[in-house]
Amino acid sequence: MTTKFTADHEWINIDNQEAAVVGITLHAQDALGDVVFVELPEVGSHFAQGEVAGVVESVKAAADIFMPVSGEVVEVNEALRADPALANTDPMGEGWFFKLKASDRAQFDALMDSPGYHDLLKTL
Amino acid sequence: MSTDLLQTPLHALHAELGARMVPFAGYAMPVQYPAGILAEHRWCRDSAALFDVSHMGQLQLRGEDAAAALESLLPQAIIDLDLGKQRYAFFTNPQGGLLDDLMVTCRADHLFLVVNAGRKAEDTRHLITHIGHRCNVVPLPGQALLALQGPKAVLALVRLNPSIATLAFMTGGDFELAGTDCFVTRSGYTGEDGFEISVPGAQAERLARALLAQAEVRPAGLGARDTLRLEAGLCLYGHDIDERTTPVEAGLAWAIQKVRRPGGARAGHYPGANVIEGQLSLGSAVKRVGLTGLERVPVREGCAIVDSRGHSLGRVTSGTLGPTVHEPVAMAYLAANHAGLQHEVYAEVRGKRLPMRVTPMPFTPHRYHR
């Protein structure tokens, strides 16, 4: 499974290990409501797993974006910065937040897979 | 949703419409419908949005002395409020602070008051305690309140009753709508033309459905109500105004009519008059101002406002990314010497200092029917 999920309702796709893609899930964007602003990390910055890498703001509230695995930010989604609504309309695709180069593959393996994430959603 | 929360007469309708419900002032209220806050906000400014505001307090003050009695609790002119006319008003405390803001309408045999949901118990107690011996304070818990707001609200409402078109801004009258006797005022909380409709709870759903059946009308929740009123520069009690803010500090002195000001025939004789009169003549040390962000980052309630050297100037009381103006807009209380228009200040957000400018309110022009 190349896409994994976190308990903070983020997804990470590791098809390309040098540039794993990170975004928020369908559930997250629905819970947030209309996204009006995103703060993306700086390219080249390093974060440990769980550190706050960015912010996603809806009309009513701001929420942190956490680094799903430790690594270096290699690209950010400028299209999302310009049009934050992409996080609502296509959170699993065009609404991706940033790409990272993971420093520890084992962290990725320990994340929830899709059925696991869907089980989590059922408990909410 | 907790079963301890109260429900408005439109609760089942909200569920049917797919509303997302949140607790507000002890009620289960719709914060948004499936369209979302931005779409609901824009529909209001372009067409007509229907809000359920039945959680708010509606009361009557009955008796010949009601107007004079009410004047002893607020600095507005009520005695000479003509039949059918509505006025924005606020209860004050002995320190000149605000206990609530409200709308008062003169009706044939009573004064009709609409107060904030979060203050209706306190306001009712306040009225009974201080003027209950001079007039009858009659809460109307069985009445629902619907707000239909937007440039096309009149088109939709006129289909239900053509004589609605005769209502002037800030006036009210009795109209039959969808087979029910309603009291309608032409006023609201969005900056747009619109109406507030007091309807018996048992008929509220039928009226709401009749309005939603009009092509111009879509439902809107409290989320959009907040972004609309903020862009319109209107205060939200408990956030932009409270017991610690005076009407002069809040920029609401315009709502104190001349006859109640020093020199006027019915000057003073309301709680905190000495404080407020002092500020009317000398100004206040702080002022509520509008701020517009120069960078596209929302600045929200609680944010610190500082000068270029990081010295504290005040705090944000409301803020959002305005869906109509496409900029961050906020209200804040600043020291008077920093409150001049176009003055540049900084909002501290996540450790960064974001430049903002003091700008006039409303952030988007009012389009009241005048």
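A nonpolar core here means a set of buried Ala, Val, Leu, Ile, Met, Phe, Trp, Tyr and Cys residues joined through C-beta atoms within 7 Å. Keep in mind that you're looking at a predicted model.

**Stop one: the main core.** Select Leu50(B), Leu70(B), Leu111(B), Leu113(B), Leu146(B), Leu148(B) and Ile197(B): these have the most contacts inside the largest nonpolar core, which has 106 residues. Now highlight strand E6 (residues 98-107) of chain B, the element that gives the most to this core, with six residues. Then zoom in on Leu113(B). Neighbours within four places in sequence aside, Leu113(B) is in contact with Leu59(B), Leu61(B), Leu102(B) and Val104(B).

**Stop two: another core.** Pick Leu230(B), Val289(B), Ala339(B) and Val358(B), which are among the 23 residues of a second, separate core.

**Stop three: two domains.** Colour chain B by domain: 1-282 is domain 1 and 285-359 is domain 2. Their C-alpha centres sit 28 Å apart. Where they touch, 14 residues of domain 1 of chain B meet 15 residues of domain 2 of chain B. On the domain 1 side, select helix H2 (37-46) and helix H7 (222-231) of chain B, the elements giving two or more residues. H2(B) has the largest share, four residues.

**Last stop: between chains.** Show both chains; eight residues from chain A and twelve residues from chain B make the contact. On chain A, strand E4 (35-39) and strand E6 (52-58) each give two or more residues. The chain A side has four nonpolar, one polar and three charged residues.

Terms used:
Residues numbered from 1 in each chain as written. Chains lettered and ligands numbered in written order. Predicted model: local features only at pLDDT ≥ 70, side-chain atom pairs only at ≥ 80, totals over all residues. Domains from an automatic or database assignment. Contact = placed C-beta atoms within 7 Å. Nonpolar A, V, L, I, M, F, W, Y, C, P; charged D, E, K, R; others polar. Buried ≥ 20, exposed ≤ 12 C-beta atoms within 10 Å, placed from the backbone.
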